[in-house]
Amino acid sequence: MGGAGHGVHFLDACFLCRRPLAGNRDIFMYRGDTAFCSDECRSAQMAADEAAERKERASGASARAVTHGALPAREAEGPQERGKVRAGSILAL
Ligand SMILES: [Zn+2]
């Protein structure tokens, strides 16, 4: 029976190399919620995060000034009611 129905918890596998973190092994935590199988994996992730952070800071202000594509609010044009029978009118067959 391979009952793998439950979703894999993030602490069950190394965040970086996806190696399952067996109960006996040491788990290297990072930022409180990220687990790694080894100090190497954690260091690699830390370095990657640091690099990403630095990059973000370098281009930070402009990246944040992304404007939302605000579409001009178009008024509902064209009388949709035209084809409809006016309320109150009597349809005599
Ligand atoms: Zn790992």
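These are my notebook entries on what I looked up in this predicted model.

**Ground rules.** I number residues from 1 along each chain, in the order in which its sequence is written. Because the model is predicted, local features need pLDDT of at least 70 and side-chain atom pairs count only at pLDDT 80 or more, while totals for chains, interfaces and linings use all residues.

**Elements.** I looked up the secondary structure and found two helices and two strands in the chain, which run β-β-α-α from the N terminus on. Helices (H or I, at least four residues) and strands (E, at least two) are DSSP runs, numbered from the N terminus.

**Burial.** I call a residue buried if 20 or more other C-beta atoms lie within 10 Å of its own, exposed if 12 or fewer, and partly exposed in between, with C-beta atoms placed from the backbone. By this rule, 6% of the 93 residues of the chain count as buried.

**The core.** I then asked which residues form the largest nonpolar core. The five are Cys-14, Phe-15, Phe-36, Cys-37 and Cys-41, where a nonpolar core is a set of buried Ala, Val, Leu, Ile, Met, Phe, Trp, Tyr and Cys residues joined through C-beta atoms within 7 Å. In soluble globular proteins, nonpolar side chains tend to be buried together. Leaving aside neighbours within four places in sequence, I found Phe-15 in contact with Thr-34, Ala-35, Phe-36 and Gln-45; two residues are in contact if their C-beta atoms, placed from the backbone, lie within 7 Å. Of the contacts in the chain with a separation of 6 or more, 19% are between residues 24 or more positions apart.

**Helix α1.** I checked the length of helix α1, residues 39-58, and its end C-alpha atoms are 28 Å apart, which agrees with the 28 Å that its 20 residues should span at 1.5 Å a residue. The expected span is 1.5 Å times one less than the number of residues in the helix. The number of buried residues among the 20 of α1 is two, so α1 lies largely in the open. Glu-40 is found in this helix and is exposed, with 12 other C-beta atoms within 10 Å. The C-alpha atoms of Glu-40 and Phe-28 are separated by 9.5 Å, and these residues are 12 apart along the chain.

**Positive phi.** I noted that Arg-18, in the segment before β1 (28-30), has a phi near 65°, a positive value in a residue other than glycine. Arg-31, in the loop between β1 and β2 (34-36), has a positive phi too, near 55°. Arg-18 is exposed, with 11 other C-beta atoms within 10 Å, and Arg-31 is exposed with 10.
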